[in-house]
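This briefing concerns selected local features of a single model. Please consult the sequence and structure shown below while reading.

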Amino acid sequence: MLVPSLPIAWHANKTTRWCHAIGLISLFCYLSTWVLAFDFSRSFEPLLMLTYVVALASQPRRGSAFLDPLWVLLGLWLLVQLVTLPPAMALFPDYAGGQIDDMRGLTKVFMILPIAWILAGRTSLTLAALAVLIVGMVVGSLVRGEPPHELMQLMAAGERPTLGFKNWQHAGVCAGVIMIAQACFARRFFRATANSHGWRQGLARSAFLLIAIWAVAAWTFSMTRAAWLAILVVVGVALLGALLAWRRGLTDQGNLNRYLIVAILCGILITLAVAMAFGDRIVQRLSAEHEVIGAVLRGDLSAVPSSSIGFRIHAWHYAFQLFQEKPWFGWGPKSHIPLLLESTNPVEDTTLGAVVERSGLRHFHSSYVTLLIANGAVGALLYVTTIAAVGTAAWTSWKRRLMPTDIAIFLALFFLFWAVVNAFESYVSYSTGIYLVGAIGAIAYTYRMRERLNRLERSSAASRLPSPP
């Protein structure tokens with residue numbers, strides 16, 4: 001047996017044990033290769049879902065096993081697509097294939113289900129899966145990203161590298177997630193490697209340091225302002241949380257002081273290094289569109305140009321008009337492309353549609369806006385309800401002491417980071433969103449799933465006992 005200490009429901013029969021072994025191997029292949037070989041990686045998605053479904057179907061109380069809240073939400077989500085897709089495909093027949101693909105991408109948030117089952121509510125497996133995801137992203141970036149000489153040329157020319165990701169924004173967001181994970185689990189990692197000796201300890205800690213350097217560097221020179229803002233928000237909330245925990249006596253003051261001193265020193269060193277290497281470019285990037293922000297605050301859209309922030313303002317204004325036309329079920333996934341191209345909203349001396357055609361910026365640059373336009377208030381509400389269900393499950397697991405506190409802190413900070421960056425860019429239906437939400441959402445959900453399935457298995461076992469005479 002691959003993992004000898006699995007919970008009851010994962011030992012229901014030989015089928016579930018085999019499904020878990022196959023699923024675990026598939027999961028590690030899936031998470032480790034998405035940047036390196038995307039098509040190879042996503043080929044594991046059907047296998048992950050199949051092993052999960054077969055395992056549930058092989059259990060005695062299979063009907064109850066499929067009554068997971070996320071299964072119910074998945075069914076409702078698919079019903080909404082049956083209402084949304086047909087009129088959208090009729091309205092934009094040239095984009096029908098893209099609409100189906102986009103709907104599939106949005107639906108992959110429910111990959112949380114099979115991944116959570118495979119993780120089995122075991123902290124060792126959840127941390128191993130997160131480590132595999134992080135190492136896979138860094139290795140994939142180093143292999144598929146720009147070689148060093150080209151990277152230096154791009155930096156000298158003031159251009160941003162993709163680092164092997166879809167674009168520089170996705171690289172900056174993934175780097176931000178890695179920074180949060182390493183900050184949350186550094187103490188656990190160094191305690192775990194303290195008993196290692198010689199080259200093993202040196203290799204593990206060197207790898208941790210190199211990944212940290214890669215993450216800070218990628219987060220910096222990807223020049224993704226949303227990722228910068230999100231990290232600043234995360235740091236502020238983390239410091240506030242540490243202060244509140246100390247005031248309420250929830251943590252040891254001596255340990256907290258040591259951790260804060262180390263964290264602040266590391267932050268100062270990183271800030272100084274970044275400022276020395278990229279200070280001028282960062283200041284230029286941050287101050288590039290202050291006039292645009294001023295025009296927006298004055299409410300003068302006619303003075304907003306088609307710059308990076310300016311385009312978002314015009315696109316969001318247009319999206320509000322579209323939402324008023326179809327507020328309940330939206331225009332359909334991927335309909336944002338033809339809708340933007342057809343826009344006659346004025347932008348400087350031209351139209352928004354002409355700007356979209358010229359610049360290739362064919363989406364609304366906000367996951368929230370995209371969801372509202374694609375699926376309306378009903379679809380967006382279902383999506384938010386899904387995330388709320390996962391968050392509630394994580395909170396319940398932590399309150400019941402099933403989930404370790406450092407994992408709970410990581411999840412809280414990740415979803416805060418995720419909420420901020422998705423306000424300014426559309427990540428949800430792209431590979432970045434699919435993998436990060438699938439894996440990290442599953443970590444949030446797996447402990448609650450374990451509790452529920454074990455309860456069902458115990459109830460089933462009790463019902464099979466002979467009744468007393």
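Which residues does alanine 315 touch, not counting residues up to four places away in sequence? The contacts are with Leu352 and Phe364. The model is predicted, and the points below are grouped by topic.

- Helix H15, which spans residues 308-325, contains alanine 315.
- Alanine 315 counts as buried because its relative accessibility is 0%, and buried means under 20%.
- Leucine 352 is 37 residues apart from alanine 315 along the chain, and the two C-alpha atoms are separated by 7.6 Å.

**A nonpolar surface patch**
- Five side chains, those of Leu36, Val135, Val139, Leu142 and Val143, make up a nonpolar patch on the surface.
- Together, these residues have about 430 Å² of accessible area.
- One of them, valine 139, belongs to helix H8 (residues 123-144).
- With a relative accessible area of 40%, valine 139 is partly exposed.

- Most residues other than glycine have a negative phi.
- The position of methionine 223 is the loop between helix H11 (199-221) and helix H12 (225-247).
- Methionine 223 counts as buried, at 2% relative accessibility.
- Lysine 334, also not a glycine, has a positive phi of about 75°.
- The loop between H15 and helix H16 (336-341) holds lysine 334.
- Lysine 334 counts as partly exposed, its relative accessibility being 25%.

Key. Residues numbered from 1 in each chain as written. Predicted model: local features only at pLDDT ≥ 70, side-chain atom pairs only at ≥ 80, totals over all residues. Heavy atoms only, no water. Helix = DSSP H or I, 4+ residues; strand = E, 2+ residues; numbered from the N terminus. Buried < 20%, exposed > 50% of the residue type's maximum accessible area, 1.4 Å probe, protein only. Contact = heavy atoms within 4.5 Å. Patch = residues over 30% accessible without salt bridge, like charges linked within 9 Å, V, L, I, M, F, W, Y side chains within 5 Å. Areas by Shrake-Rupley, 256 points an atom, 1.4 Å probe, with all protein chains shown as cover. Salt bridge = Lys/Arg side-chain N within 4 Å of Asp/Glu carboxyl O.
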